Amino acid sequence: MRDHPPGGQASGTTTKAGPPLGRYYDVAGRRLLLYRSGGGGPSVVFLPGGGAVGLDYLNVQERAAALATSVVYDRAGTGWSDRADLPRTSAEVTGELRELLPTAGVPSPYLLVGHSLGGLYARHYAQRFPGEVAALLLLDPAHEDYNAYMPAELTEMWKAFDPGQALPDELPGELVALYRGLFEQEIAGWPAEIRERLIERHLSPEWLLTGFREAANVDQLYDEVRHAGPMPDVPLIVLCSMEVDGFKRVVSAGVPDSLLRGEIEGKRRLYTALAGSVPSGEVRLVDAGHVTMHLRHPGAVLRAIEDLRARLEDRP
């Protein structure tokens, strides 16, 4: 089964033009964009990172669709879904997803693939609704203990960062050109219509600001996960990026390379501990950056999905 593009613009959506792919589904009075293809279970559901949208994962979503029902979507307040006041709680986000999936005819149990902030939401979903989650694949997930594993000098720099000052009302032309070049390089293989629409929207101040707004309450999100109970005993693979890509260098201007490497090493130790916290957890290293890991190495994502499915089949 494959979803097709909506016939036109949905009222109240975040953009003037409708999405290039997917369908809208009504959840709690909002229209949420979801695209799916493939069939069979467990359903593979991709949870995008902060500042990302579902179609940013189209390359891995379509490959996963050869194995099972495969889904990408936009959270409320992001991408082409209807507006919502940001930031929101993780309970709101995970509850929304729990309502969206059956509304769109996506059967449980789910193999959740969460990237960055989406990885935090995926873990919280598994904590809240363990009976609905078959396995977890986390790509550089946000984590409540992240700062504790980081160099102290780096965390001090982050505390001094003011996203309100970092994003002006009108982006400098050279910054827009830089971002455009990065996106064009990384999603060169996307269908032209989808690629161009994604790039134009990602370069808009609206979408750039959304990424900052959604994570503005990250400490609250961390507290929700800390107090949500244990992780269920399901197969878990964590993919850890080991490089500094162009996107990271743009947002880390002025940060010494030594601290960027220190962040990667701290992240590797954190994810090793995370994988070791469940009976069947594993961490795998990927030679790519945080934003580009699934873009440059889709095979690593697909192999992890295949391996998680094999582990499920081996379970009694």
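## Exercises: cavities, strands and salt bridges

The lining of the second largest cavity divides into 7 nonpolar residues, 1 polar and 1 charged. The model is predicted.

**Exercise 1.** Find which residues line the second largest cavity, and which strand gives the most to the lining.

*Solution.* 
- Step 1. List the lining: L21, L33, L34, Y35, G54, L55, V72, Y73 and D74.
- Step 2. Sort by class. Tyr counts as nonpolar and Gly as polar.
- Step 3. Look for strands. β2 (30-37) and β4 (70-73) each supply at least two lining residues. β2 gives the most, with 3 residues.

**Exercise 2.** Describe the lining of the largest cavity by residue and by class.

*Solution.* 
- Step 1. The lining consists of G51, A52, V53, T78, G79, W207, T210, G211 and E214.
- Step 2. By class, 3 are nonpolar, 5 polar and 1 charged.
- Step 3. The space inside is about 50 Å³.

**Exercise 3.** Work out which strands pair with β6, and in which sense.

*Solution.* 
- Step 1. Locate β6 at residues 133-139; 7 of its 7 residues are buried.
- Step 2. Take β5 (residues 110-115). It pairs with β6 in the parallel sense over 6 bridges. Here L112 stands opposite L136.
- Step 3. From β5 the chain passes through helix α3 (residues 117-128) to β6, a right-handed β-α-β crossover.
- Step 4. Take β7 (residues 236-241). It runs parallel to β6, joined by 4 bridges. In β7, L236 is the bridge partner of L136.

**Exercise 4.** Decide whether R75 and E214, which form a salt bridge, are buried or exposed.

*Solution.* 
- Step 1. Check the contact. The closest N and O atoms of R75 and E214 are 2.6 Å apart.
- Step 2. R75 is in the loop between β4 and α2 (90-103), and E214 is in helix α8 (residues 205-214). They are 139 residues apart, so the pair links distant parts of the chain.
- Step 3. Apply the cut-off: buried means under 20% relative accessible area. R75 has 0% and E214 has 3%. Both are therefore buried.

**Exercise 5.** Explain why E265 and R268 are separated by about one helical turn.

*Solution.* 
- Step 1. The two form a salt bridge, with the closest N and O atoms 2.5 Å apart.
- Step 2. Both sit in helix α11 (residues 257-276), 3 residues apart, which means about one helical turn between them.
- Step 3. E265, at 32% relative accessibility, is partly exposed. R268, at 26%, is also partly exposed.

Terms used: Residues are numbered from 1 along each chain as its sequence is written. This is a predicted model: local features need pLDDT of at least 70, side-chain atom pairs count only at pLDDT 80 or more; totals for chains, interfaces and linings use all residues. Side-chain values use heavy atoms; hydrogens and water are left out. On a 1 Å grid over the protein atoms alone, a cavity is a set of points where a 1.4 Å probe fits but cannot get out, and a pocket is an open set with protein on both sides within 12 Å along at least five of seven lines; lining residues have an atom within 4 Å of a point. Grid points are joined across faces, edges and corners, and a volume is the space filled by probe spheres set on the points. Buried means under 20% relative accessible area, exposed over 50%, partly exposed in between (1.4 Å probe, protein chains only). Two strands pair if DSSP finds at least two bridges between them. A crossover is right-handed if, with the strands pointing away from the viewer, the path from the first strand over the helix to the second runs clockwise. A salt bridge is a side-chain nitrogen of Lys or Arg within 4 Å of a carboxyl oxygen of Asp or Glu.
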